Amino acid sequence: MTTMQELDTLHRAARLQYDHKQQSFRKLVEKEHQLRAELARLDDLLTNSLLPLEEHEGMRAVGADILWQGWIERAKSEINMKLARILATKERQMTEVRRAFGRKSALEQLISSAHRENAMARANADLAQAIDHSLFLARGTSGQDAKLSK
């Protein structure tokens, strides 16, 4: 296997790994947004349950409003715990995504550099061949000139 083939293989593997890490990270961010939306919804429910409405008077009389607020607080606490775990995982995965991106970028630069080097080598070889061909023609012409002058 040539160096370019090896670099291409490594680049494909790095790109796949980066894509996988990025997709996993996106799912985590989506889950974070869902949890934050749920927290906002519970905050709205709590705010609305604190409003002095006539329909809430019956709930207050039997203590249902206290139970409701307690349930909302417990639900928020549970969601906040899930959110904390998601944020910790997100931090770790962000580092992994950056590292995978770095590998992919480094390999892209190596491949680009190798392509430039190969192109320069081909151009130098073509130039050397053209020079050799010119010298050959020049020698052939000067050799014929020397024979004609005798």
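This briefing covers the salt bridges of the structure. The model is predicted. It holds seven salt bridges.

**Glu 96 and Lys 21**
- Glu 96 pairs with Lys 21 in a salt bridge, with the closest N and O atoms 3.2 Å apart.
- This pair links distant parts of the chain.
- Glu 96 sits in helix H3 (residues 64–149), and Lys 21 sits in helix H1 (residues 3–49).
- The two are 75 residues apart.
- Glu 96 is partly exposed, at 32% relative accessibility.
- Lys 21 is partly exposed too, with a relative accessible area of 22%.

**Lys 76 and Asp 43**
- A salt bridge joins Lys 76 to Asp 43, and their closest N and O atoms lie 2.5 Å apart.
- Here too the pair links distant parts of the chain, with Lys 76 in helix H3 and Asp 43 in helix H1, 33 residues apart.
- Lys 76 has a relative accessible area of 15%, so it counts as buried, the cut-off being under 20%.
- Asp 43 is partly exposed, at 33% relative accessibility.

**Glu 108 and Lys 104**
- Glu 108 and Lys 104 meet through their side chains in a salt bridge of 3.2 Å, N to O.
- Both belong to helix H3.
- They are four residues apart, so about one helical turn separates them.
- Glu 108 is partly exposed, with a relative accessible area of 34%.
- Lys 104 is buried, with a relative accessible area of 12%.

- Glu 32, Arg 36 and Lys 90 form one network, joined by salt bridges that share partners.

Notes:
Residues numbered from 1 in each chain as written. Predicted model: local features only at pLDDT ≥ 70, side-chain atom pairs only at ≥ 80, totals over all residues. Heavy atoms only, no water. Salt bridge = Lys/Arg side-chain N within 4 Å of Asp/Glu carboxyl O. Buried < 20%, exposed > 50% of the residue type's maximum accessible area, 1.4 Å probe, protein only.
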